[in-house]
Amino acid sequence: MIFNSVTFILFLVVVVSLYWVLPRNLKMWMLLIASCVFYGFWRWEYLSVMFVSALTDYFTAIAIGNTPMEYKRKRNFLLAITLVVNLGLLCYFKYLYFFTENTNHLLSFAGLDYQLPLFRVLLPFGISFYTFETISYTVDVYRGLVKPEKSFLNYGLFVTFFPKLVAGPIQRASELLPQLKERPSFQLDFMSEGLKRILYGLFLKVALADNISSLVDEGFALDPATLSAIDVWMLAFLFGFQIYFDFSAYSHIAVGAAKLMGITIPENFNYPYMASSFKDFWKRWHISLSSWIRDYLYLPLSNIRVVKTTGTGGIGEGLETTTKTSKNRGLFLTWAIMGLWHGANWTFVFWGLSHATIIFLERALKPVRDKVSLFNTFLVGWIITLPLAMLTWIPFRAKNMNDTLTMLSKVFIPKAYLFYTMRENNYLITALLILFFVATYLSTQYLEERIKQVPALSFGLNCIKFTVIIIFVFTFLRPISQFIYFQF
Amino acid sequence: MKNRLLWEISIASVLAYIIIYLFFSGNTRFEELAMGTETVSYQATDSSQFLIHLQHWDSLETTSLLEGWNKRGRKPVTFFLGNSQTHSINQKKESEVNFIEQLFVNNQRKGIDVLCVSQPNAGMEQFYLSYMYLKSRVPLKTVVIPVFMDDMREEGIRADVFFQRQIREQFQLEDTSDIAIRINAELRSQWTSGLVKVSDTTIRQAALPELPTLQEKTESRLNGYLDHHSTVWANRQNVRGDFFNWIYKLRNTVLGIKASTVRKMIPLRYAANLHTLQLIVEDCMRNHTKVLLYIPPIRSDVTLPYNDDEYAHFKSEINAIAALYPADVLYANYESIVPGELWGYKEATNLMDEREIDFMHFQYRGHQILADSLQVQLDILNQIR
């Protein structure tokens, strides 16, 4: 089900009402069924894929929990079952075409006449998210960080809980399961906070992301060879804002929908485009994924022992015991996988590796930055980070590597700054978006607290703000496009 | 106040409803904004009310156009492309028709059918797609292409005027030019509409099934119900039109843009449009279809909103394309044939003025003059064997 639709609003009203009305033991069943209905509105037959993943982890986690730590081989075998099933599902549905296509290229390159048949498989929505959640649950049980959940109802709900099912935030079992069991009593605060977040999300999606998308589509449909450097920058910024508004909108609605039921799910964004370094960027962008990647991929690949995991990144002790080489190897490997997680295309790998390279350079240049205090100021960091972060969106959105390289090369050609090819409105809108974003950040940081000290003013301004938001949401609410992260 | 936030949202909801209900009349179609209130859109029909002139390639209009052509005896077709100038009449009175309908009547007697597709601000890619689509359905004898300097700034095809969901046909261009490849990709992406185009691979993998999903069916029913039972809900599309209208005017006011402000050429877009025009002409030549290229009328008793050199260069380039095929392609310049008094004003496109000069749309008498001038050239073309 798509969040930006009348269907979802109606669905949410019914589910939340039932949630607070039903007796405690029925609530969980109702939520599990509602989550299946939510998913089934897209393609009900793909529920089976999700349940294969969930059941595998449910049973293997219990088996791992029942196996003492000293039976390492058995525990490893059980963990391997989980990894093979989940990664197997992911590979089949998401990467089969990509791998077959690339194998065929290699066969042709080697001069062999044989070509593997290409199978096009419909990608189940949210598969990258729920497989990560189920894997992390079993890994945590394996590491002894959480106890296996005995009740399949509780566990099934952890996997399928509809607000975060299709595009996260990626939830840890240790954070969601206790909340699902707790079942708090009704509070009006849940309603107001939930409604607020849903309104924010819908506004970002229907008023901003969807209206920017046509400009982005138009720009990326052009022949990249004809674009100027100004166009490339403009498209990078426009897409950067589109994907941010789109994805943060989803996260707002997810957080809000869960809040209506008194459940807290982790925040995914914190003004990422105000980051002063790439390291900082990834503490602010898709926080639940970056912390997941760190806890389950980067740290193990860097030979670092994980002693605690949380949705905001719990690392534990013994961090610096590893060598620089293994950290760097871990960095590049992690980012290549992170890129591939986003999509089965070399452009995504390129995107991941470009982030790895910049983070690597940030680390390598740290001694220089420490010597020159100017480089450590927020403003300088932001001025360097923002355009670079935006530019790295080009491979994320471009059709293929050819287009990516053509577009990126423009940025380094001085002559390409002497003309523009798109309508003037596009540049104007991009400039306004940057101003809007910075102004929102500054007002949140410096004005909001002061305004709150004058209750009447704060009340009046909030009424105006919500009036504007509701008008926009009401007017623009159309399920004309899915959320970008539904594809990953 | 207990739970202030809930109070704020509740009060805002009431205020929002009142504002939407009272202040958004929602009577603006954004695509017709350039026409202003003095100008009326007119779609030509034959005597049986079959469309001979469409603005959208959707099931309704396309079926009417093709059915009418069938019923009239499947005559060879003179096909007109156009923009809002083609389908609008300034200060229209009852019974007045546009030049397309006038030419249709004239040419029926000569055993030639006249069909037309005109879309606001249509660039050459839209012309190309319209031409290729109609060519696949009816025999084209002549293609008439007005080349608007304004529309040489356009690029791409507009999703809302081509093969939206009402039409199930999955049309693809057959040639292998870069432009055709791009247009095909655009059309393909519309078949899977509702998807965000992140990459070709993603589209391929995540393409929605042919049949509508449960979500689509439910959403369609719910929206239908709300449209039927709430005028405010049904009016949302027009409210969006009002909103974009206001944004457009605000931009013009802030930047001091008026109808008479010089519109600068965008070199690469201009070149791409010119290239596409050449593709259309070349394809016509391969199919033994005659072509008439013309510079459309513009209000010329006042300073034009173009750079003089750019405009002169533009006209000479269109002429040069025609000159490549002297036997089959004619060039005509009608920029000054409609006298100043046959043009009108339009609602100002900024927030300060009430009205401004309309450079694009003229009155019925102007349509008559244009029809007569075009008929002369069409007769010449028809005489060439």
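## Exercises on a predicted two-chain model

In chain B, 78% of the contacts with a separation of 6 or more join residues 24 or more positions apart; two residues are in contact if their C-beta atoms, placed from the backbone, lie within 7 Å. The model is predicted: local features need pLDDT of at least 70, side-chain atom pairs count only at pLDDT 80 or more, and totals for chains, interfaces and linings use all residues. Residues are numbered from 1 along each chain as its sequence is written, and chains are lettered from A and ligands numbered from 1 in the order in which they are written.

### Exercise 1

Determine how the two domains of chain A meet, and which helix gives the most to the side of domain 1 that touches domain 2.

**Solution.**

- Step 1. Chain A is divided into domain 1 (6-104 + 115-183) and domain 2 (204-476), with bounds from an automatic or database domain assignment.
- Step 2. The C-alpha centres of these domains of chain A lie 27 Å apart.
- Step 3. Contact involves 24 residues of domain 1 of chain A and 24 residues of domain 2 of chain A.
- Step 4. On the domain 1 side, helices H1 (6-21), H4 (72-109), H5 (127-143) and H7 (173-182) of chain A each supply at least two residues. Helices (H or I, at least four residues) and strands (E, at least two) are DSSP runs, numbered from the N terminus.
- Step 5. H5(A) gives the most to this side, with six residues.
- Step 6. By class, the domain 1 side has 13 nonpolar, five polar and six charged residues. Here Ala, Val, Leu, Ile, Met, Phe, Trp, Tyr, Cys and Pro count as nonpolar, Asp, Glu, Lys and Arg as charged, and the others, Gly among them, as polar.

### Exercise 2

State how helices H3 and H4 of chain A are oriented to each other.

**Solution.**

- Step 1. H3 (residues 47-66) of chain A packs against H4(A) at an angle of about 170 degrees, and their axes are 9 Å apart. Axes are lines fitted to C-alpha atoms, for helices over the stretch in contact, and angles run from 0 to 180 degrees between N-to-C directions.
- Step 2. Angles under 35 degrees count as roughly parallel, over 145 as roughly antiparallel, 65 to 115 as roughly perpendicular and the rest as oblique.
- Step 3. H3(A) and H4(A) are therefore roughly antiparallel.
- Step 4. Among the residues making the contact are A:Val52 and A:Thr56 of H3(A), and A:Leu78 and A:Val85 of H4(A).
- Step 5. The contact has nine nonpolar, five polar and two charged residues.

### Exercise 3

Identify the helix of chain B that supplies the largest share of the side touching chain A.

**Solution.**

- Step 1. In all, 47 residues of chain B are in contact with 53 residues of chain A.
- Step 2. Several helices of chain B each supply at least two residues of its side, including H1 (4-23), H7 (214-229) and H10 (267-286).
- Step 3. The largest share, 12 residues, comes from H1(B).
- Step 4. This side of chain B has 21 nonpolar, 12 polar and 14 charged residues.

### Exercise 4

Classify A:His286 and B:Asn121 as buried, partly exposed or exposed.

**Solution.**

- Step 1. A residue is buried if 20 or more other C-beta atoms lie within 10 Å of its own, exposed if 12 or fewer, and partly exposed in between.
- Step 2. A:His286 lies in the loop between H10 (278-284) and H11 (287-301) of chain A. A:His286 is buried, because 23 other C-beta atoms lie within 10 Å.
- Step 3. B:Asn121 sits in the loop between strand S5 (113-118) and helix H4 (124-135) of chain B. B:Asn121 counts as partly exposed, because it has 15 C-beta neighbours inside 10 Å.
- Step 4. Although not a glycine, A:His286 has a positive phi of about 40 degrees; B:Asn121, also not a glycine, has a positive phi of about 50 degrees.
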